[in-house]
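Got the viewer open and a selection box ready? Let's go for a walk, one selection at a time.

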Amino acid sequence: MAENRSLSLSELEEEIKRAFQQWDKQYREESPLTKLQIYKRANPGPVASPRSAINQLLLNLLNELDGDDIKFAESLRMRFADGRTVRQTANAKNVEEGTIQKWQSAGWKKLAEVVKAKEEHLRSQLHEELLARLEAPSYAQLWGVDDHLASLSSLLEDPNGPRIIAIEGIGGIGKTSLTDQLVRHLIENGTIGHGPFAGCGWVTARNNLLTVGGEQKKLSHASLSGAGLISGLATQLFADEGRPIGLDPEQMLSKIQHRLAEQPHLIVVDNLETVEDTDTLIETLRKLINPTRVILTTRHNLFSQPDIYHYPVNELGEKDVLQLVRHEAEQRNLAILANASDEDLRPIYKTVGGNPLALRIVVGQTHIHALHDVLNDLTQARGKPIESLYTYIYWNAWNSLNEVAREAWLLMPLVNGNGMTWPQLTEFTDMEPEDLRHALAQLVTLNLVEHQGNLRESRYFIHSLTRSFLQVQVLKWGQDGDTAE
């Protein structure tokens, strides 16, 4: 019986009947009743005897019956809790033995109805509690995510799957939106809440965001630290019993470890790249995993971490780009753009590539300018929205590069759309091979250059948006003395 599926009324009645009939016997296998929210709420941690815990739950439910149902409750209590025979119970109630048997059956059915109603209420309540831990989605619809959702769900539902997954990619590519959609999907199908994960936690290190209008907004909270991670998780994990107070970070961490060991959760840490001490934060997370799992979203590839599963998010393909553009245009009542032919829209893909954030900003700019002018502004880095886009995606990465890596990156626009192999790159540049090797390692780690290939050959290339950026905007930053922010 699937753990994340709600038991039907008939199934509940059968399990309650079995629980009463085996009142003094230990279960040979785990009872489905222990999967119910009503049981989990009554027993938030491991119990010494599930048999005793179920018996106590049934007694509590019997105490809730009233009116004509009291005789059902009394007969069940006498028969099983008190250990009386049918005859003894009938004599005590001054009725026929057949009447006691009918009351038993009626009692099991009534209890099933009570449990069903309580369970549906608790499931609905849990559903709302879990969704409340997430930020409001910044999208109406996502494109090109179905394969990602299937792959990531499979990894998380596999008992032997990776404990830490890093969803990696360049800014604006949709890592946070994909992760948000994944968590919502797992909540809806019961994987979170009723399946392998008792709940979820979401903490963010994001300190700024770019609106689809091209406006950068600073967020009020500071960059995430180890103490901030612990505090954020404690607020969510102990919401039902009040956040523990008076504990230092180590004591709080120990309490969180205990809770996550008893009740496995899926923990998300968003925008990891803004964390000042990433190694320390990841080390804190390692203390929380197994059976709890962690998802990180980051612009940086965490290749130096030995136990992290790397999940890259690449740009959208042309088909998804055109669908996204039309959908965004329809949402904004841009009928001319929404009804344009593929041929008319294809220049967007050729210029912008498949970065969803950049595509939405381009669509938004057509409220004011012709599409041709918007794309020209993009390639010439003109206008505040376009400059904000480039700053949001590339500024921090550019400033983190050494001079050799910058030199190598500035050569990449000359590489064709199919990329270049390592031998081709070494012939293409005057850089020393060892310098080029170190530069590529830095560029790939920051998702500024994409690496693909197989065991025999690697190819390196950049996306269309990065090509436009490198041809114009980065040169402006150099002229301005690196003062974009």
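Start by selecting N94, which sits in the loop between α5 (86-93) and α6 (97-132). Helices here are DSSP runs of H or I with at least four residues, strands are runs of E with at least two, and both are numbered from the N terminus. Before going further, note that this is a predicted model, with residues numbered from 1 along each chain as its sequence is written. Local features need pLDDT of at least 70, side-chain atom pairs count only at pLDDT 80 or more, totals for chains, interfaces and linings use all residues, and side-chain values use heavy atoms, with hydrogens and water left out.

Still on N94: check the backbone, and you'll find phi near 60°, a positive value in a residue other than glycine. Most residues other than glycine have a negative phi. Is N94 buried or exposed? It counts as exposed, at 71% relative accessibility. The cut-offs are under 20% relative accessible area for buried, over 50% for exposed and partly exposed in between, using a 1.4 Å probe and protein chains only.

Now jump to N447, in the loop between α20 (433-445) and β9 (450-453). Its phi is also positive, near 60°, but N447 is buried, with a relative accessible area of 18%.

For another backbone stop, select N290 and P291. The peptide bond from N290 to P291 is cis, with omega near 15°. Most peptide bonds are trans. You'll find P291 in the loop between α11 (278-286) and β6 (293-298).

Time to zoom out and show the whole protein. There are 21 helices and 10 strands in its secondary structure. The radius of gyration is 29 Å, well over the 23 Å that the globule rule gives for 485 residues, so the protein is more spread out than a compact globule. That radius is taken over C-alpha atoms, and the rule is 2.2 Å times the number of residues to the power 0.38. Along the principal axes, the C-alpha atoms fill a box of roughly 100 × 50 × 45 Å. Of the 485 residues, 49% count as buried.

Which residues touch the most other members of the largest nonpolar core? Select Y394 and W409: they do, in a core of 89 residues. A nonpolar core means buried Ala, Val, Leu, Ile, Met, Phe, Trp, Tyr and Cys residues joined through side-chain atoms within 4.5 Å. Colour helix α17 (residues 384-400) too, as the element that gives the most to this core, with 9 residues. Then show what surrounds W409: beyond its neighbours within four places in sequence, its contacts (heavy atoms within 4.5 Å) include Y394, W398, L401, L443 and F469. A second, separate core has 28 residues, among them L237, L281, L296 and I308.

Next up is V415, in the loop between α18 (403-411) and β8 (420-421). At 2% relative accessibility, V415 counts as buried. Leaving out residues up to four places away in sequence, V415 touches M420, L425, Y460 and R467. Draw a distance from V415 to F428 as well: they are 13 residues apart along the chain, and their C-alpha atoms are separated by 9.1 Å.

Last stop: E14, in helix α1 (residues 9-21). E14 counts as partly exposed, at 47% relative accessibility. How far apart are the C-alpha atoms of E14 and T284? Draw that line and you get 45 Å, for two residues 270 apart along the chain.
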